[in-house]
Structure formats: structure tokens, C-alpha cells
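Subject: Structure for you to look through

Hello,

Please open the structure below and keep it on screen while you read. My notes on it follow.

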Amino acid sequence: MSKIKERIKKRTTIFIIRRIAVISIILIIFLSLTFYIDGKFYSKGNIAVSTSNIVKDPLSKPSANANMNLRESKVNSTDTTTTNVYNSDGHKIAYLTFDDGPSAKTTPGILKVLDHYNIKATFFIIGSMAIINPNLVEMEAKDGQSIGNHTYSHNYKHLYSNTNTFINDVNKCETTLKLIIGSSFNSKIVRFPGGSFGYKMAPFRTAIKNAGYHYIDWNDITGDADGHDIPVSKLLSNLTKYTKGKEHVVILMHDASDKETTVQALPQVIEYLKSQGYSFNTLK
């Protein structure tokens, strides 16, 4: 009997050791991939900064980050998109878009509302947030939502220091999304943090197109970029104000952790758009 117990104990020990070894190998592979991404896209050898791609830093002033954030509180007066979604075709179409996620506080709620209405939206994901919440990225992909690139760092000063750095950051986000979703992920749509509009962004617009991506801003907002948890009534008021008279609307919203009222307002946003005769589509 004691020999049987010893055999069972020995087999159990071997099983535990094997499990630990497998887990360790998986962790080593994951960390290696992470370091590979960092090395590939941020090594000095791959970031050849020349005077030809240096532009005046739009964030050189202390209030620069705040100023860039304020750009997301505006409806673009100039359309610099590389897509044709604004082209008139006799149909009213709404493109719901969510930036800055995924977040455990808001993304699941947004997906639940979208699922309830059987509507697909476009999520512009920050790569560093995807690393924190890979399960939510997988959930979005499995749910059939469209996934776009919102850079890896979302750090204005870093991103817009020069065009090479910007492209490297976008590439890093794409690689991160592929690691989570799989190699089948091939979306090339990008949304610039703070928007692509304005003459200072011209070199970056050119660079992103040359890198094989296409970008789009927005022509409609709920105004949830104005601060933390803007009242639902204000979000709806902004939506009705900026939607009026437009056939195709690309609506900027956010699924960052401090945008819980965006989740609360979403059913009313959808109901309003439906009442105005809009159907829904995604950006690709």
C-alpha cells in the first residue's frame, strides 16, 4: 500500500513539474514577443530621424496636451480623410466610433448595448490598453466589431515629435493587435489621437498614407471628450446639434474608463439616429 502511495505521489509531483514547465515556457514566449516588439519598433537603428521629417512640435507649450484634447471637442471643418464614407449616396448612414479603449469599465457595457440592437461599431484601440485588456479586444473581434488603430502610446508629445516615431508607434499597435487577435487581423484604418486635421498634421498624413494605412477623423460628436462623465442630456444635445443636415455621420465617442455616461447615453444615441432614418455601418 505504501508503494502505491509513493507511486501516486511521484506521478503527481511529475505532473506538477510538467505543468510549471509549460507555464514557464508560455511566459518566456510572451515576454520574448513583447521585447521583440519594443526592440523592432523603438530601437535607435530602426528610427532614423532626419531633418526632413522633423516638424515643429505641436506640444511645445505647457498646455499642449489640453489643446490637443480640445481638438476632439470639435467637429472638423475640413475633411482630410482618406476614405470615401462622407460621399453622398442618397442613404443616411451612421458610423458609431469609440476611441481610447478598451476599458473594463466601459467597453463591456458598450458591447452589450450594441449586441442588444444588433449594431456593429468601430473601435479605435490604443495598443497599450490592448495589452492590459486583451480579453476585451478578443471579445470585440469575436463580436464582429470593426477594429482600428489608435497608436500604441497615445502620447502626443512622443507621437508628433517626428513622422518616423509616429509610424513606428502605429506599427507597434498593429503588431500588438495581431498578437491578440491573430494574423488574420489586417485592418489598416487609423485614427490620429487628437485628429489628423490642420496644417501641422500634414507631414503625418502623408507619412501614414505612404506606410499603407488610411485614416479618418469624424464629422459628428457627442462631446464626451469635453471632460469626465459628461451628463447624458448634454451628450444627446450635442449629437442632435451636429447630426442635423448630414447624410453620413461618423460619430466620435470614447470607451475610456472615465466615459461611463457614454455607455448610459448609447441606447438613446442609437434610438435617436434610428428615428432620423439612419442605418448603421462600420469603417474598414
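Helices H9 and H10 cross in a right-handed way; a crossing is called left-handed if the near helix is turned anticlockwise from the far one by less than a right angle, and right-handed if clockwise. Helix H9 covers residues 232-243, and its axis lies 9 Å from that of H10, at an angle of about 35°. Axes here are lines fitted to C-alpha atoms, for helices over the stretch in contact, and angles run from 0 to 180 degrees between N-to-C directions. On the H9 side the contact is made by Val232, Leu235, Leu236, Leu239, Thr240 and Thr243. On the H10 side the residues include Thr261, Ala265, Gln268, Val269 and Leu273. Contact means heavy atoms within 4.5 Å. Helices (H or I, at least four residues) and strands (E, at least two) are DSSP runs, numbered from the N terminus.

Before going on, note that this is a predicted model, in which local features need pLDDT of at least 70 and side-chain atom pairs count only at pLDDT 80 or more, while totals for chains, interfaces and linings use all residues. Residues are numbered from 1 along each chain as its sequence is written, and side-chain values use heavy atoms, with hydrogens and water left out.

Not counting residues up to four places away in sequence, Gln268 touches Val232 and Leu236. Gln268 and Val232 are 36 residues apart along the chain, and their C-alpha atoms are separated by 9.1 Å. Buried means under 20% relative accessible area, exposed over 50%, and partly exposed in between (1.4 Å probe, protein chains only).

Now the whole chain. The chain has 10 helices and 8 strands, and 47% of its 284 residues count as buried. Among contacts with a separation of 6 or more, 79% are between residues 24 or more positions apart. The accessible surface comes to about 14600 Å², and carbon and sulfur atoms hold 56% of that. Those areas come from the Shrake-Rupley method with a 1.4 Å probe; for residues, only the protein chains shown count as cover.

Next, the strands. In E7 (residues 248-254), 7 of 7 residues are buried. His248, Val250, Leu252 and His254 are on one side of E7, with Val249, Ile251 and Met253 on the other, so both faces are covered. E7 runs parallel to E1, to which 7 bridges join it, and Ala94 stands opposite Val249. E7 also runs parallel to E6, with 2 bridges; there Asp220 stands opposite Ile251. Two strands pair if DSSP finds at least two bridges between them.

E2 (residues 122-125) and E3 are also paired in the parallel sense, over 4 bridges. The bridge partner of Ile125 is Asn149 in E3. E3 takes in residues 146-149: Ser146 and Gly148 point one way, Ile147 and Asn149 the other, and all are buried.

H8 (residues 202-210) has the buried residues Phe204, Arg205, Ala207 and Ile208. These line one face of the helix, because seen down the axis of H8 they fall within an arc of 165°. The arc is that of the directions from the helix axis to the C-beta atoms. An α-helix has 3.6 residues a turn, so residues three or four places apart point the same way. Among the elements covering the buried residues of H8 are helix H7 (163-181) and strand E5 (214-215). After H8 comes Gly212, with a positive phi near 95°.

Some backbone details remain. Gly101 and Pro102 are joined by a cis peptide bond, with omega about 0°. Pro102 is in the loop between strand E1 (93-101) and helix H3 (107-117). Which residues have a positive phi without being a glycine? His154 is one of them, at about 55°; it is in the loop between E3 and H6 and counts as buried at 17% relative accessibility. Asp229 is another, at about 45°. Asp229 is in the loop between strand E6 (220-221) and H9, and counts as partly exposed at 32%.

Regards
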